[in-house]
Protein chains: 2
Amino acid sequence: MTEAVRDASRRRADTVARLENDIDVWVATAGGGRPHLVPLSLAWDGTRVIVATPAGSPTATNAAASGEVRLALGPTRDVTIIEAAAEVVPCADAPDPVARTYAERTGWDPREEDVPHVYLVATPRTMRAWNSLAEITGRTIMRDGGWTA
Amino acid sequence: MTEAVRDASRRRADTVARLENDIDVWVATAGGGRPHLVPLSLAWDGTRVIVATPAGSPTATNAAASGEVRLALGPTRDVTIIEAAAEVVPCADAPDPVARTYAERTGWDPREEDVPHVYLVATPRTMRAWNSLAEITGRTIMRDGGWTA
């Protein structure tokens, strides 16, 4: 937890740094009225978060059915929470740029797994970033898919 | 991420240490087919995780409707994921031990807030703990509410 309250452009820059450098993202989905939550390795193509998971996993089936995911970056006292529209694509059918972006970032190519995997391609609609109670005000750094600063 | 694969009793001890000492827990809920996810300050009374949140928050309303939460402790490479039955209790009506346990652990008494708050009292059913791919096998340390070791 830091002391200074960041302005929106600083929070955006910090969030983009996480999207470009963090190893994992928390991925929450909902299915049948039940929440699911797992950490997954992430990639970022400049506008979309990409994760990969077995095609039969709750994350894949929930996201395919609802089209929605909620992502969290960072530790609990320096977070960005992302509401995103999710598209689920079998790895074998994925556009090459998606697969290459993911493999280059994570060092793992899920197209080579024996168990079929999918990419979950998440387009952020809303992002909120805060690292203290003092930062609750002004935490919305993306609204309706557009950065606020 | 550590190297050694922990046995179940070690994973249990590490998880209990987190339940007794961590500041926050990730709380995932589902409502209307949508996932919600936030970090909240936690307390642990020896058998139940206690968090507090405004009565009107998505976390409170989702947990009250579904009776389910999914919690995550730790960073993404050293996690415990907890499936729990959730009871939602207005702070004003809460048993004194719940309120005291929460206030002593967090240093914050939500009964004193102007906005009505609730306690979300989560009884774990399943817990899984892992810190590497090598630990995926043997990750279930609680099943049907009972520790496996």
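Hi everyone, let's start with Glu135(B), which is buried at a relative accessible area of 0%; buried here stands for under 20% relative accessible area, exposed for over 50% and partly exposed for in between, using a 1.4 Å probe and protein chains only. Before I go on, this is a predicted model, where local features need pLDDT of at least 70, side-chain atom pairs count only at pLDDT 80 or more, and totals for chains, interfaces and linings use all residues. Residues are numbered from 1 along each chain as its sequence is written, chains are lettered from A and ligands numbered from 1 in the order in which they are written, and side-chain values use heavy atoms, with hydrogens and water left out.

Back to our glutamate. Glu135(B) sits in the loop between E7 and strand E8 (140–143) of chain B; helices (H or I, at least four residues) and strands (E, at least two) are DSSP runs numbered from the N terminus. Which residues does Glu135(B) contact, leaving aside its neighbours within four places in sequence? They are Ala4(B), Val5(B), Arg6(B), Arg11(B), Ala129(B) and Trp130(B), with contact meaning heavy atoms within 4.5 Å. Take Val5(B): it is 130 residues from Glu135(B) in sequence, yet their C-alpha atoms are 5.7 Å apart. With Arg6(B), Glu135(B) makes a side-chain polar contact of 2.8 Å. For that term we need a pair of N or O atoms within 3.5 Å; within protein, one must be able to donate a hydrogen and the other to accept it, and residues adjacent in sequence count only if both atoms are side-chain atoms.

Now, the aromatics. Rings of Phe, Tyr and Trp (its six-membered ring) pair if their centres lie within 6.5 Å, and planes under 30 degrees apart are stacked, over 60 edge-to-face, the rest tilted. That rule gives five aromatic pairs over all chains. In one of them, Tyr102(B) and Trp108(B) have ring centres 5.9 Å apart and planes at 65°, so they are edge-to-face. Trp108(B) is partly exposed, at 30% relative accessible area. Tyr102(B) also pairs edge-to-face with Tyr119(B), at 5.7 Å centre to centre and 65° between planes. This pair links distant parts of the chain, 17 residues apart: Tyr102(B) in helix H3 (residues 96–106) and Tyr119(B) in strand E7 (residues 117–130) of chain B. Both tyrosines are buried. Over in chain A, Tyr102(A), Trp108(A) and Tyr119(A) form one aromatic cluster.

Last, the two copies. Thanks, everyone!
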